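The following note sets out points for a colleague who wishes to examine the model at hand. Please read the numbered paragraphs alongside the coordinates.

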Amino acid sequence: MTTIRQRRVGKGTEVAEDQPPEEKHVKPDGKTLSDRTGGKLWNILSITVGGILAISLGLLTSVYVATLHENDLWFSNIKEVEREISFRTECGLYYSYYKQMIQAASIQQGLHGLVYDNKTESVRTINILERMNVYQEVFLSILYRILPIQQYLEPVYFYIYTLFGLQAVYVIALYVTSWLLSGTWLSGLLAACWYITNRIDTTRVEFTIPLRENWALPFFAVQIAAITYLLRTHLQPAQERLTLMAVFIATFLFSLTWQFNQFMMLIQALALFVLDCFDMLPTAKVTRLYIIQISGLLLVCVLQFFNSMILGSLLISFNASVLIARTIQKNLKKGGLLNRLGKLILHVLLVLCLTLIINKFIKKILNLESDEHIFKFLKAKFGFGATRDFDANLYLCEEAFGLLPLNTFSRLSDTLLFYIYIFVLFLMTVAAVIVAFRNLSGSNQVQFMEKMEECTITLKPDAAYNLIHTVLFGCLALSTMRMKYLWTSHMCVFASFGVCSTEVWKLILKCIHLYTSQRTHVIKYSIPIITLLYLSYKFWPGIMDELSELREFYDPDTVELMNWIKSNTPNTAVFAGSMQLLAGVKLCTGRTLTNHPHYEDKNLRERTKQIYQMYAKRSPEDVYRILRSFGTDYMILEDSICYERRHSRGCRLRDLLDIANGHIMDGLGENEPDLKPSLYPRFCEEIKKNLPSYTIHFTRVFQNKTFHVYKLAKHK
């Protein structure tokens, strides 16, 4: 098991574009021109200061997470094998392809090795570029080979510094989004500071560097910033075209770098759909965004050799359904309140039915089953019946796929982020409901709305989009903890926008009859400044302590195992074991695997379940037959799995296997009535007794406190 031990020492603002300037009645003596010139200079100065701050904060964040990574592992001092082991689970698998490309004799040979790979899954040749999102590793390896930096920078540092550099892009994108929404760079400054002070809940890049989301989320943030700008009013045609291009590029890069892209963009498409239904966004821009999503995903599909999982995605079916439904219902946004509601309900039903029909049709034609485990997991998670499906239970029992822990909110509250976020969310939601009702009501309700003149409520399209975005991704985060990073980073943007927004404070002050322009500006700038001072006072000492704390990577058992494999087994040897460990085996030793952590393939899921029978109650003959069917030469057993205590009864890996096999679980507790005792003891425990029925098939060739390696006999 990998552990960490203590190291042993050898005010500027930008005026929002939609805020009309106050008219000045002046004589034509040149003062108006002077005022305009001064205003332009002030805007230029404000944009310059805000831009410098954005870039500075982005770079500081990159240095911050890079320093934490170095201090936590002493990465610059540990051996190469220890560096590679620190890329745990699927991170190690992805990094192995970067390493493979670097070590290839040529770029062409490296690409050929990925397209015709026979070392990731034994007795199978698979196309890595089709199955996995590793184009970023390919691009980075090619860049490393062609740049004159080999003498100055090791490949591993080029890789991790690129990921840390993307954090700068991430923070700058969040900063810009908040700035665009509020009209002041002070909002962006607050968003960036919240992102940093809430680091535990906004990113995990410093200890899961190659994880796909660490590549994808910066591009997603850029896409949100571009959409926010696109939804502003009075854009020039050239500005709109450039912004659409930026949205497309960011969408494409986001889709290319993460296998879960289609699910995230489906939520985004749902947000656009809801806002379009309530007439809160320009329909033409929404249509272009739908087309961009489809185009970006189809381009990725082509690059991934027509990956069937992309073609069968709900996103493509949903977006196509919306566009078809629009052509059928042309007068959707005409009529009174009841007429509009009736049309809206029919429209929603039509879109849902078309989505299901199109998706079912595509999956039937393509015989697609790659994502069925996700829907089984969702069905069981939300209480639509218990399941004994091994794959679904494997997800259900992982903490990362459980509900968001309550202590998350206490941490977010310490920085005042959660309190301000809820305050802004409540106000904006009330405003959105009123605006939606007003839009649906049409001219029949004008007199009613005029009665609210003193508290006139408006909601700009860009603010409306970010509101629905944060609500939907908040629901996703609450239901699945692993997805919280999509929400918490945007929470920083949304809360900072609200607290720095002229519209929000103007609405509040008007409703309590205290509105003046001067008072609004005082509150708009004083509250974020006070918040920034509070964050500096409370968290700066902690950040300094964190940066001064020095630790060291320490995992001698895994290091010993990897060194033994490299020294005592042939290069063509095939290893069976847990998904997480085998990813490290491939990276550190280059040996062939039977299974791995990239779980988005039905055949691999079935193969993994079979290989995991080494931890079930099966006979030695059964386990031997299964492992040899996959060409296994060596089997690695882990005590941490065989005698697992991390999960409670019913969620241990051995329990999941027992349930799937119809066997009673170990230990005290209830069992389902139709489960029966196994005829055989647990394999991973019994093999250590060296009984003849086991030693005829398996010979122990290596062991330490954590791992036991057995060589399989090659019977005729």
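1. Disulfide criterion and basis. A disulfide is taken here as a pair of cysteine sulfur atoms within 2.5 Å. The model is predicted: local features need pLDDT of at least 70, side-chain atom pairs count only at pLDDT 80 or more, and totals for chains, interfaces and linings use all residues. Residues are numbered from 1 along each chain as its sequence is written, and side-chain values use heavy atoms, with hydrogens and water left out.

2. The link of Cys397 and Cys651. By the stated rule there are two disulfides. One of them connects Cys397 with Cys651, at an S to S distance of 2.1 Å. The torsion about its S-S bond is -75°, and the link is left-handed. Cys397 belongs to the loop between helix H18 (390–396) and helix H19 (407–414), and Cys651 to the loop between helix H30 (639–642) and helix H31 (653–661), so the pair ties together parts that are 254 residues apart in sequence. Helices in this note are DSSP runs of H or I with at least four residues, strands are runs of E with at least two, and both are numbered from the N terminus. Cys397 has a relative accessible area of 12% and is therefore buried; buried means under 20% relative accessible area, exposed over 50%, and partly exposed in between, with a 1.4 Å probe and protein chains only.

3. The link of Cys642 and Cys684. A disulfide also joins Cys642 to Cys684, with an S to S distance of 2.0 Å. This link is right-handed, with 85° about the S-S bond. Cys642 is in helix H30 and Cys684 in helix H32 (residues 683–686), so that distant parts of the chain, 42 residues apart, are linked. Cys642 is buried at 2% relative accessibility, and Cys684 is buried at 1%. With the bonded cysteines of the protein numbered in sequence order, the pairing is 1-3, 2-4.

4. Cys475 takes part in no disulfide, and the nearest cysteine sulfur, that of Cys277, is 17 Å away. Its relative accessible area is 47%, which makes Cys475 partly exposed. Cys492 is likewise in no disulfide; the nearest cysteine sulfur there is that of Cys193, 10 Å away. Cys492 counts as buried, at 0% relative accessibility.

5. The sheet. In what order do the five strands of the open sheet lie? The order is S4-S3-S5-S7-S6, and the pairing is mixed. Strand S4 (592–593) and S6 are the edge strands, each pairing on one side only. Two strands pair if DSSP finds at least two bridges between them. Strands of a sheet pair through backbone hydrogen bonds, either parallel or antiparallel.

6. Strand S7 and its partners. Strand S5 (residues 634–638) and S7 run antiparallel and are joined by five bridges. Ile636 stands opposite Val709 of S7, and Leu637 faces His708 of S7. Strand S6 (residues 698–703) also runs antiparallel to S7, again with five bridges, and Thr699 has Lys711 of S7 as its bridge partner. Is S7 (residues 707–712) largely enclosed or open? Five of the six residues of S7 are buried, so the strand is largely enclosed by the rest of the structure.

7. Helix H29 against the sheet. Helix H29 (residues 620–629) lies across strand S3 (574–576), S5, S6 and S7, and runs at about 75° to S6. Axes are lines fitted to C-alpha atoms, for helices over the stretch in contact, and angles run from 0 to 180 degrees between N-to-C directions.

8. Packing of H26 and H27. Helix H26 (residues 556–568) packs on helix H27 (residues 579–589) at an angle of about 50°, with the axes 10 Å apart. H26 is therefore oblique to H27; angles under 35 degrees count as roughly parallel, over 145 as roughly antiparallel, 65 to 115 as roughly perpendicular and the rest as oblique. Leu561, Met562, Ile565 and Lys566 of H26 make the contact with Leu581, Gly584, Val585, Cys588 and Thr589 of H27, where contact means heavy atoms within 4.5 Å.

9. His347. His347 lies in helix H16 (residues 337–366) and is buried, with a relative accessible area of 2%. Apart from neighbours within four places in sequence, His347 is in contact with Phe273, Cys277, Ala325, Arg326, Gln329 and Leu332.
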